[in-house]
Amino acid sequence: MTAKITTGCVIIISLFLTIFNAALFNHEFFNAISIAVIILAYLPLAITHGKGRVFLSEIKLIVILTILSLIAMMFFKTVPFFRPLIAMIFITGMYFGACAGYICGTLTIFIISYAFLGTGEWTPFQIMLLGIIGFVASLFSKSFLRNNIILFVCTLLSSVMFTYSNIIQDILIEKNKPDYTFHISFLFKPLKWALIYAISDFIIILLFRFVIGKKMIRLRKRLKIFK
């Protein structure tokens, strides 16, 4: 419970910094804000287990899960109609809790944005969005493990939110009167990819759950990590 509360507080602080930069500085310091969000993401973990073998084990596991998340995104990039986007982030939150899910989400998109996709005013918002998705996955992990319908609906909502994040941001930060005709017509174009992302993520999560899901639960208990 302490980890969830601390992570929730970090999310609020990070959101405040992101919105503050957008409102007062017109996104001028988006690189600094992105780095600050990543640093803040580790605070709950440091507060919960700031030292010792358990803390090192948690850091190692988060690094491994983040690498798997990056591999899943990049490996399937060339596969037609199969593009998992948030599967490993969801899995991390479901099986290892709020801290791990939030860090995995923020770190994954941070690395991909700065290494491959490029960055801009939208970057802090996307970092926050994927981190929050990992956090929410931990809050409803029991429901996701019991009910596949709830799991699919949440993966669909997460995929839709991430797919449309750039478009929504463009509408919100536009200084002049927005061309709503353009935006409304453009809103429907990414829906196909949102559905592809959601179905792909759902399949990956189900496979992971049936193959090694129980082993991950036993591993967490045996190592006494992410309490």
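**Close-up views of aromatic pairs and helix packing**

**View 1. Phe-90, Phe-140 and Phe-144 form a single aromatic cluster.** The model is a predicted one, in which local features need pLDDT of at least 70 and side-chain atom pairs count only at pLDDT 80 or more, while totals for chains, interfaces and linings use all residues. Residues are numbered from 1 along each chain as its sequence is written, and side-chain values use heavy atoms, with hydrogens and water left out. Six aromatic pairs are found in a search of the whole structure; rings of Phe, Tyr and Trp (its six-membered ring) pair if their centres lie within 6.5 Å, and planes under 30 degrees apart count as stacked, over 60 as edge-to-face and the rest as tilted. The ring centres of Phe-90 and Phe-144 are 5.4 Å apart with the planes at 35 degrees, so this pair is tilted. Because Phe-90 lies in helix H5 (residues 87–117) and Phe-144 in helix H7 (residues 141–146), the pair ties together parts that are 54 residues apart in sequence; helices (H or I, at least four residues) are DSSP runs, numbered from the N terminus. Phe-90 is buried at a relative accessible area of 2%, and Phe-144 is buried at 0%, where buried means under 20% relative accessible area (1.4 Å probe, protein chains only).

**View 2. Tyr-95 and Phe-208 form a tilted aromatic pair.** Their rings are 5.8 Å apart centre to centre, with 55 degrees between the planes. Tyr-95 lies in helix H5 and Phe-208 in helix H10 (residues 191–223), so the pair ties together parts that are 113 residues apart in sequence, and both Tyr-95 and Phe-208 are buried.

View 3. Ile-62 counts as buried, at 1% relative accessibility.

**View 4. Helix H1 (residues 2–25) and helix H6 (residues 123–139) have axes that come within 11 Å and cross at roughly 160 degrees.** Axes are lines fitted to C-alpha atoms, for helices over the stretch in contact, and angles run from 0 to 180 degrees between N-to-C directions. H1 and H6 are therefore roughly antiparallel to each other, a term for angles over 145 degrees. The residues making the contact include Ile-11 and Leu-15 of H1 and Met-128 and Phe-135 of H6.

Note on methods: Helix = DSSP H or I, 4+ residues; strand = E, 2+ residues; numbered from the N terminus. Buried < 20%, exposed > 50% of the residue type's maximum accessible area, 1.4 Å probe, protein only. Parallel < 35°, antiparallel > 145°, perpendicular 65-115°, else oblique. Contact = heavy atoms within 4.5 Å.
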